[in-house]
Amino acid sequence: MSIKFNVNGFPYEVQAADYAPDTTLNAFLREHLHLTATKYMCLEGGCGSCVCVIRRRHPVSQEVQSRAANSCLTLLNTCDDVDIMTDEGLGNQVSGYHPIQKRLAQMNGTQCGYCTPGFVMNMYGLLEQHGGQVSMSQVEDAFGGNLCRCTGYRPILDAMKSFAVDSTIEVPPECVDIEDSFELLCPRTGQSCKGSCSRPPLRDQSGSHWYWPKSLAELFSALGQVGNGELYILVAGNTAHGVYRRPRDIKHFIDVNLVPELRQYSIEADQLLLGGNVTLTDAMQVFLLAAKRPGFEYCAQLWQHFNLIANVPVRNNGTLAGNISIKKQHFEFPSDVFITFEALDVHVLVYDNPSTQRVMTLLSYLGDTTPKLVLGGFILKAYPKERFLFRSYKILPRAQNVHAYVNAGFLIEWQDIQRRIVRSARICFGNIRPDYIHDEQVEQLLPGKDLYDPATVAQIFQQLPASLQPEERPPEASPEYRQILACSLLYKFLLSTAPKERVRDSYRTGGLLLERPLSSGSQTFETIKKNYPVTQPVQKLEGLIQCSGEATYMNDLLTTSNAVHCAFVTAKRVGATIVQIDPSAALQCKGVLAFYSAKDIPGSNNFVPVDQFTPEVDELFAAGQVKYYDQPLGVVAALTHDTAVYAATLVVVTYARYQGKIYTSMSQVLAEKQTDRIVCSKNNHVEPLKLPPLAPGDVLGRGILELESQYHFTMEPQTTIAVPLDNILQVFCATQWMDATQGAIAKMLGVSVNSIQLQVRRVGGAYGAKVTRCNMVACAAALVASKLRRPARFVQTIESMMESNGKRWACRSDYEFRARASGSIIMLTNNYYEDAGCNLNENVVDFLTMPSLRNVYNLTDSNFRAKGNAIRTDAPSSTWCRAPGTAEGIAMTETAVEHIAFTCQLDPADVRLVNLQPGSKMVQLLPRFLASTEYRKRRTQINLFNSQNRWRKRGIGLALMSFPLNTTVGLNYPVTVAIYHEDGSVVLSHGGIEIGQGVNTKAAQVAALVLGVPLDQVRVEASNTVSGANSMLTANSMTSEMVGLAVRKACDTLNKRLAPVKERLGANATWLQVLQAAYLQSVFLVATESYKLGDIPNYNIYGLSLTELEVDILTGNHLIRRVDILEDAGESLSPHIDVGQVEGAFVMGLGYYLTELLVYDRQTGRILTNRTWNYHPPGAKDIPIDFRIELLQKSPNPVGFMRSKATGEPALCLAVGVLFAMQHAIQSARKDAGLPREWVRLGAPTTPETVVLNSGSQVEAFALQ
């Protein structure tokens, strides 16, 4: 059958049999139509970078519905008769930009830009779905499925909310385009399609069949084609693939989107019928209609619960029957549809054949083994609100788009209209253990009892913990937490539904869930008009093309049709020696061309340059002993990405037995005193402190701070394309350090460095992940390209990156202190350990952590000692991650100071004030900050709130920072500036890398200022290893200033050359006249200069943050109510960019301290949290509700470039204040629970589990009075 559809207004027709049966819309758009605005990242609907808009006709109502969809989950063969819209079709430079694209760019909503097209299309889908009429809260709610690692979301949400009907967002005047108001829902044109499919389709030889039934009878005739034992799948939204990967041997794909019988719904007086194939979004719309009918008021609660399932594009396409089908196949799946429907005793309608239907309970359906049974619909009963009470709950690790720790549904039937005595009860819990759904003991206990009677409540909570026996199932939260949480949900239910007079006042807020209001922010900075365009808050240079998806990233580059795709084969036995690798099964796989391992490497088996940062060999492929789980031992090359990834799993590896023990974490090494794995810092031989005798009132204490690792989570995967060209290798690599990548490839291939040439236009997020770890894919792709003499494309999957690549250095601090009663420090010692992984490359212990430890305090040789140690573990070599070492150093000292304040029973702000380093800038800044944030007043108000609320607590946390910027690693950054005599336009290229931090925009601002030309006449071209040869790494927040300085040098040189010409022509000569005269006199209009070591000395960046949060003690969930940040950025070169850097770094820090939990199998070393399903960076509703950023004004940096300071990393260090706010809240809960006053160890990450298990709640003591 042929499938016909439109993309951006252009018609296409494809033969289903020409493509692999599971080809996704994403692969078709990118690889066949070359529409690369639709990005490629997690491939499971968890990141949002692949969102496009699909319009399809509803088979029942016949109306055309417009919905945002994840193209990575949508199968191409389900796209018959649809209209598809991608970002470049919405608006582009040829036909003009769409208002969403323009406004997002103008309001500074992009940094690296990789996630941006997904945000744009999700917003467009939302507007089109609702006819342009959306509220601010609808907008803010709609981005749960779009992740951004750069911006901290605030500017994106502002730009999107400005389109709401109730918008209060101030829009810059240049955004209000007269045509915007009525063009919101019309794409500019589809004129950016690049013609028809250019790649010849491959005939699919798998023997799979697709069917497109248009009625129930046709559906059963398709099922009739399925032979015994053959796998088949009913395809609707295909969203289940985001949770459980589809088996590869499915023979029959049946698209059920056009079967009208499965898409119907009806609301009768006594029942609501929902077709099995109704999407979650459509079901939610039905719930809103039904909730207005008597007996179905409970549907409003269902709407609330469904709104927490997955994200908007997944709900738009995933169906009710699809969700229940996952539950049927995987009983451990914590389905929210199931738990709410089971609590409501929803029945299912099933078809054995087109004419035979029967009704069964949900549980009996899940246990039914009838083959080819079709789930036709769901029957929801009427529950009059006078006689029934329904509530459901879902508690998540972050605000949105994540499966539940525990979910629950409770339905109570009353005996009488007083609503006290229970007639029957359904008490259901999810994600406890597969065989536990109903709590039968409580269900049997309640009938005939007064639900809110103290005796009943006491009985419930004596019985419930015993029957709740959660199973241990990493990476799920601990059984202990899930048990308390399930009890807490039933307690919450009682608190929230009991008559007011039966609940103690201070308990009442415990019955409510945290409600997040709309977020907002403020940004304060100074600009200096005489220096414009420098210091001017200009739009980012690439902002518009990022918003339209026209900005290209490495994986968007086209290669010839004979390109191959690569995937790593990895080792699974840590410590064992590889004896043999047998790739024969992989090589027999259709489309596989080659397998290479260590023995095929012509040069050195090492993917890092041997230098001061990386003195040890990092093997490209494991050659002897396996150093960590999932260490690459070879690479497969195949014709498609999917084939390469699959074939890599077929390679068979034989290992020699390993008798030794493996150590995958620092805590194991320390607990077992494995001293041979502990590498002491060279600064450790210091004299012990001479201490005065204890005076009255002095306090002593000790503590431990544990900061786990963090995955960088760049939105752009590790990507390299290597193309053999003449007798060189042209390499396009997402790297932060071209020089190191170039050198590593050359050494690995055993060729001269000049035969490897790199070009890097931009990188989609880096944060340290692409300093050296990018070289793994770069070297592997280069090896394949040089062996096969054809282009090789290596894009690591998210699982592969999280399994095989190094992450942030984890850190542990054992500290001791003595202090006066005033809090003044007499002694502080810090013995700290940092987790190196399998080698000491990129060591942060001495280089970055040690210099930051004294922070802003008066810590001298007479009262402070620190000893640093690196620990070797059987894990990937740890790497730099945003503010490496420094974030940990500042966190250790801030924690110790906070602990001292706690021990002295003093306000933490006062203890900081008495310990500040005399003469430091912080002596002025801290009092000013405390006053402007109304710190003291707010702390008093919080303490009052805490005294009045037992189960809701607030806290406030202060953090101070002196971030030492070490510029001694900036050896050189070459810059070339050229002026074209034809029209006077300017182009420049530099050795830095645009990774979202705005280096290109700042460089252009400097060039425009120094040369005296308008900013729009300056263009920045891609970085490369010819004009950017020998350039240093783009890291350490320093590159923008260093490149800017080199740009100024080059422009000064050009001005000097032009000066005599200007003088001769006189003051009235135009820029163009000067240039044309200069050209005729052979004046050289190209200048190359470089930053050199010492051009900018070391300096410190000061910052303060105040974080206020509110915690639900029963669930551990929190809301960050307000954050104030004051950061000293000198004279900001580009204030919008710098504010964005501060916001983004801080939110990445919130992820580090609150949500980003990495879980490993400690027996084998395998990571269990390796994708978006189970690793959780912050989302759009995890950011501060009130987010206030101020860049310190009238504070020029005397030694900085143009008096500016770096901003990329420091603000991450300020996020540690969230732990102190959490401590404040938890201490109040512990006091109420009657626990002794003692410091609670909170580290990174402090998840809801940590909060609940440290708050002292006793389930047996749960009571209403």
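This is a predicted model: local features need pLDDT of at least 70, side-chain atom pairs count only at pLDDT 80 or more; totals for chains, interfaces and linings use all residues.
**Confidence**

Overall the numbers look like this: the mean pLDDT of the protein is 96, and 97% of its residues reach 70 or more. There is a stretch to treat separately, though. Over residues 189–201 the pLDDT stays under 50, and for these residues the model has 30 contacts beyond four places in sequence.

**A five-stranded sheet**

Let's start with the open sheet, whose five strands come in the order β2-β1-β5-β3-β4 with mixed pairing. β2 (10–15) and β4 (64–70) are the edge strands; each has a single partner, so one side of each has no neighbour in the sheet. On average, neighbouring strands here are turned by 30° against each other, direction ignored.

Strand β1 (residues 2–7) shows both kinds of pairing. With β2 it runs antiparallel, and six bridges join the two; one detail of that pairing is that Lys4 has Glu13 in β2 as its bridge partner. With β5 (residues 83–85), β1 runs parallel, joined by two bridges, and here Asn6 is partnered by Asp83. The hairpin of β1 and β2 has two residues between the strands, and in this hairpin Asn8 takes a positive phi near 50°.

How far does α23 reach from its first C-alpha to its last? Helix α23 (residues 774–788) covers 22 Å with its 15 residues, close to the 21 Å expected at 1.5 Å a residue. Twelve of those 15 residues are buried, so the helix is largely enclosed by the rest of the structure. Among the buried ones are Cys774, Met776, Val777, Cys779, Leu783 and Val784, as well as the polar Asn775. Just after α23, Arg789 has a positive phi of about 55°.

Helix α35 (residues 1217–1232) can be read in a similar way. Its end C-alpha atoms are 23 Å apart, which agrees with the 22 Å that its 16 residues should span at 1.5 Å a residue. Of the 16 residues, 14 are buried, so α35 is largely enclosed by the rest of the structure. Just after this helix, Gly1234 takes a positive phi of about 80°.

**Asp846 and its contacts**

Which side chain does the side chain of Asp846 meet in a polar contact? It is that of Ser681, at 2.5 Å. Asp846 sits in helix α25 (residues 845–849). Leaving aside neighbours within four places in sequence, Asp846 is in contact with Ser681, Lys682, Asn683 and Pro851.

Most residues other than glycine have a negative phi, and most peptide bonds are trans.

| Site | Backbone value | Loop |
|---|---|---|
| Pro474 to Pro475 | cis, omega near 10° | Pro475: between α16 (454–467) and α17 (479–497) |
| Tyr532 to Pro533 | cis, omega near 5° | Pro533: between β18 (520–524) and α18 (543–547) |

Notes: Residues are numbered from 1 along each chain as its sequence is written. Side-chain values use heavy atoms; hydrogens and water are left out. Helices (H or I, at least four residues) and strands (E, at least two) are DSSP runs, numbered from the N terminus. The expected span of a helix is 1.5 Å times one less than its number of residues. Buried means under 20% relative accessible area, exposed over 50%, partly exposed in between (1.4 Å probe, protein chains only). pLDDT is the predictor's confidence in each residue, from 0 to 100. Contact means heavy atoms within 4.5 Å. Two strands pair if DSSP finds at least two bridges between them. Axes are lines fitted to C-alpha atoms, for helices over the stretch in contact, and angles run from 0 to 180 degrees between N-to-C directions. A polar contact is a pair of N or O atoms within 3.5 Å; within protein, one must be able to donate a hydrogen and the other to accept it, and residues adjacent in sequence count only if both atoms are side-chain atoms.
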